[in-house]
Amino acid sequence: MIVDAYNEPATMAFYEQNDFKTVFSTEQQEKDYRHLDSDVPLSTRLMYYDLMNTAKEYM
């Protein structure tokens, strides 16, 4: 599952507490992927949750 989370500390913490991970390890990598200038702040970050972890719990 992929979400486009607001790049705010409380929002990021919420997703991280629920086992979401950022798709890109740094904001600069995500800016490069989105073809944004380095000085443009990211308003959102791509995050994912691996649903296979949940499926394994029920197998």
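Which strands does H1 lie across, and at about what angle to S1 does the helix run? The points below take this up, together with the rest of the fold.

1. Basis and content. This is a predicted model. The chain has 3 helices and 3 strands, arranged along the sequence in the pattern β-α-β-α-β-α. Its radius of gyration is 13 Å, well over the 10 Å that the globule rule gives for 59 residues, so the chain is more spread out than a compact globule.

2. Overall dimensions and surface. Taken along the principal axes, the box filled by the C-alpha atoms is roughly 45 × 25 × 15 Å. Buried residues make up 25% of the 59 in the chain. The accessible surface comes to about 4600 Å², and carbon and sulfur atoms account for 54% of that area. Of the contacts between residues at least 6 apart in sequence, 55% join residues at least 24 apart.

3. The sheet. The 3 strands form an open, antiparallel sheet in the order S1-S3-S2. S1 and S2 are the edge strands, each pairing on one side only. Strands of a sheet pair through backbone hydrogen bonds, either parallel or antiparallel.

4. Strand pairing in detail. S1 and S3 run antiparallel and are joined by 5 bridges; in this part of the sheet, Ala5 has Arg45 of S3 as its bridge partner. S3 is mostly covered, with 4 of its 5 residues buried.

5. Placement of H1. To answer the opening question, H1 lies across S1, S2 and S3 and runs at about 150° to S1. What covers the buried residues of H1 includes strand S1 (2-6), strand S2 (21-22) and strand S3 (44-48).

6. Which residues of H1 (residues 9-17) are buried? They are Thr11, Met12 and Tyr15. These three cover an arc of only 95° around the axis, which puts them on the same side of H1. An α-helix has 3.6 residues a turn, so residues three or four places apart point the same way. Pro9, Ala10 and Gln17 are exposed, on the face of H1 turned away from its buried side.

7. After H1. The helix is followed by Asp19, which has a positive phi, near 70°.

8. Glu30. Leaving aside residues up to four places away in sequence, Glu30 touches Phe24, Leu42, Thr44, Arg45 and Leu46. Among these contacts, Arg45 is also the bridge partner of Ala5, and strand S3 spans 44-48.

Key: Residues are numbered from 1 along each chain as its sequence is written. This is a predicted model: local features need pLDDT of at least 70, side-chain atom pairs count only at pLDDT 80 or more; totals for chains, interfaces and linings use all residues. Side-chain values use heavy atoms; hydrogens and water are left out. Buried means under 20% relative accessible area, exposed over 50%, partly exposed in between (1.4 Å probe, protein chains only). Helices (H or I, at least four residues) and strands (E, at least two) are DSSP runs, numbered from the N terminus. The arc is that of the directions from the helix axis to the C-beta atoms. Contact means heavy atoms within 4.5 Å. Two strands pair if DSSP finds at least two bridges between them. Axes are lines fitted to C-alpha atoms, for helices over the stretch in contact, and angles run from 0 to 180 degrees between N-to-C directions. The radius of gyration is taken over C-alpha atoms; the globule rule is 2.2 Å times the number of residues to the power 0.38. Accessible areas come from the Shrake-Rupley method with a 1.4 Å probe; for residues, only the protein chains shown count as cover.
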